Amino acid sequence: MDSSWETLILGEKVDMESISMAWAQMQQSIVDYFSDPAVWSNYLFTAIKVILIFLAARLIIKAGTKALDHVLVSRQKGRLQLDVRRTTTIGKLLGNIMSYVVNFIMILMILNQFGIRLEPILAGAGVVGLAIGFGAQSLVKDVITGFFIIFEDQFAVGDVVQIGTFKGTVEEIGLRVTKLKSWTGEVHFIPNGTIAQVTNFSLNNSIAIVDVNIAYESDIDEAMEILRETVMRIYETNVSMVKPPEVLGVQTLGTSEITIRTIVECQPNTQAAVTRELYAEVKKALDARSIEGVKLAENR
C-alpha cells in the first residue's frame, strides 16, 4: 500500500518536472524567435511589400479611372459622337468592374506575402462561384437585369426616373444595385432584379400646363391677349422653353369662372420651374390690366 502511494507521488513529481521543463523550453524558444534580427527583418520586408502592393493598386485604379474618363471625353468630341448619358453610365460601370478586379488581385498578392498558397484559394473560388450560381439566384438576377438596363438604354446616370414608389435622379448603375437620389436628398439603393417597371422623365421634352381662371364678367379676348403677350415675353428670356408657348383658349366652363389653358414645351424636368414662373408673371399682368375675378387654377 505504501509503495503504491510512493510510486504515484514520484510519478506526479516527474510529470510536473517535465511540464516545467517543456514550458521553460517554449518560453526560451519564443524569446529566441522574437530576439532574432532575421525575423524582424522578414516582417519589415513583408510589411513594405504589402504597403507597396496596396499603393500600386490605388495608383492603378486612379490611373485607369482617368484613362476611362479621357477615352469617353474624346469619344464625345469626336466625329462619331456617342450619347453622353450612355457614355457616363458605361464609364462608371467599367470603373466599378476595374476596381473590383484590381482589389481582388491585390488581396491575393497580399495573402501570398504571408505564405498563403493561392492555388487552393483559386480552386475554392471556382467552387464558391458555382455554388453562388445555383444558390444566390437573386444575385445572378440582379447582375443580368443590370446588364440589360444598360444594353437597352432604359435609363442612364443623370436621368430622372421613377422605379416603383421611388422617384429621383440616377446617381449610379452598378452590377447589382441602382442608386437613386430623391429631390429631398434621400438615397435609395434598389436591387436591379426587383426593377419591373421604370418611368424615365429625361428622354423627351416635358410640357408645362398653366390654367388660369377668370370671372364670367371679364373680357375673354382681352384676357387671352394678355396671356399671349406675357408668355411670349417670358419665352424670349427663359432658356428652358424649347418652343413658343401656345394659348389654347377656353378649357372648361365652371360654375363661377372660365378656365383658359396655356401650354409650353420645355426641356426635360423643367416644367415645374417654368410653370411657377408663368403663374407669377401672368398674375401680375392680369392684375395690372384690372381683369376681375382672377384666380390661378391648379396645374392639371
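What is the volume of the largest pocket?

Reply: The model is a predicted one, in which local features need pLDDT of at least 70 and side-chain atom pairs count only at pLDDT 80 or more, while totals for chains, interfaces and linings use all residues. Residues are numbered from 1 along each chain as its sequence is written, and side-chain values use heavy atoms, leaving out hydrogens and water.

The largest pocket has a volume of about 300 Å³. A pocket is an open set of points on a 1 Å grid over the protein atoms alone, where a 1.4 Å probe fits and protein lies on both sides within 12 Å along at least five of seven lines; lining residues have an atom within 4 Å of a point. The volume is the space filled by probe spheres set on the points, which are joined across faces, edges and corners.

Of the 15 lining residues, Val-160, Lys-167, Phe-201, Asn-269 and Gln-271 are the closest to the centre of the pocket. By type, the lining comprises four nonpolar, nine polar and two charged residues. The largest share, three residues, comes from E2.

Strand E2 has partners of its own. With strand E1 (residues 160-163), E2 pairs in the antiparallel sense over four bridges, where pairing requires at least two DSSP bridges between the strands. Ile-163 stands opposite Phe-166 in E2. E1 and E2 form a hairpin with two residues between them, and Gly-164 in the turn has a positive phi of about 65°. Strand E3 (residues 177-181) also pairs with E2 in the antiparallel sense, over four bridges. Here Glu-172 stands opposite Lys-179 in E3, and a hairpin of three residues joins E2 to E3.

Leu-278 touches Val-210, Val-231, Ile-234, Met-241 and Val-264, not counting residues up to four places away in sequence; contact means heavy atoms within 4.5 Å.

Methods: Nonpolar A, V, L, I, M, F, W, Y, C, P; charged D, E, K, R; others polar.
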